[in-house]
Amino acid sequence: MGKKNKAEKKGKNGKKKDEFLIDEPHDLAAILVQAARSMRTVLSRNLVESGLYAGQDGVMLALAETDGLTAGGLATRLGVKAPTMTRTIGRMEAQGFLERRPDEDDARLTKVYLTEPGRNRLQTIAEAGQHSEKLATRGLTDKQVRTLMKLLRAVDSNLQAARAAD
């Protein structure tokens, strides 16, 4: 097993080959979408035995950070439409994870709060997330993972800024 010569290290176009390079500019969207779907699928599988469905973990984590949000506030924070959030809240309320209460200062508003059973699921959500992340980053160094996260945040920021400008 000898060293590769320069010709073996380069592709047809004369540039160095790298299995992680994007062949065509339009491939970025497809790769990002597929990676996000795969991550969501693995995370959902890891959460199913705790009684949680896809997307519910995000609602619970948002409420763990700031309990007492409106449905609209949750929808905005999670990037979903208000009717979707209203259905999700209804389902989670029926499961006993959340409760809706009138706002103390403005009776026109209803706010959403985690219940004790909901709070008890937060550790399960954290563990499922950690397990999913380990699978997703297998074979990557810590530095590569930090770089990936930095790049994904930049991509997300660019896309959110473009959406806000519309």
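View 1. Helices (H or I, at least four residues) and strands (E, at least two) are DSSP runs, numbered from the N terminus. Their order from the N terminus is α-α-α-β-α-α-β-β-α-α-α. Of the 166 residues, 19% are buried, meaning under 20% relative accessible area with a 1.4 Å probe, protein chains only.

**View 2. Strand 2 (residues 98–102) pairs with strand 3.** The two run in the antiparallel sense and share 5 bridges; pairing requires that DSSP finds at least two bridges between two strands. In this pair, Pro-102 lies opposite Thr-110 of strand 3.

**View 3. Strand 1 (residues 69–70) pairs with strand 3 (residues 110–114).** This pairing is also antiparallel, over 2 bridges. Here Thr-70 faces Lys-111 of strand 3.

**View 4. Ser-132 sits in helix 7 (residues 122–136).** Ser-132 is buried, its relative accessible area being 2%. Apart from neighbours within four places in sequence, Ser-132 is in contact (heavy atoms within 4.5 Å) with Met-39, Val-42, Leu-43 and Asn-46.

**Notes.** Residues are numbered from 1 along each chain as its sequence is written, and side-chain values use heavy atoms, leaving out hydrogens and water. In this predicted model, local features need pLDDT of at least 70 and side-chain atom pairs count only at pLDDT 80 or more, while totals for chains, interfaces and linings use all residues.

Note on methods
Buried < 20%, exposed > 50% of the residue type's maximum accessible area, 1.4 Å probe, protein only.
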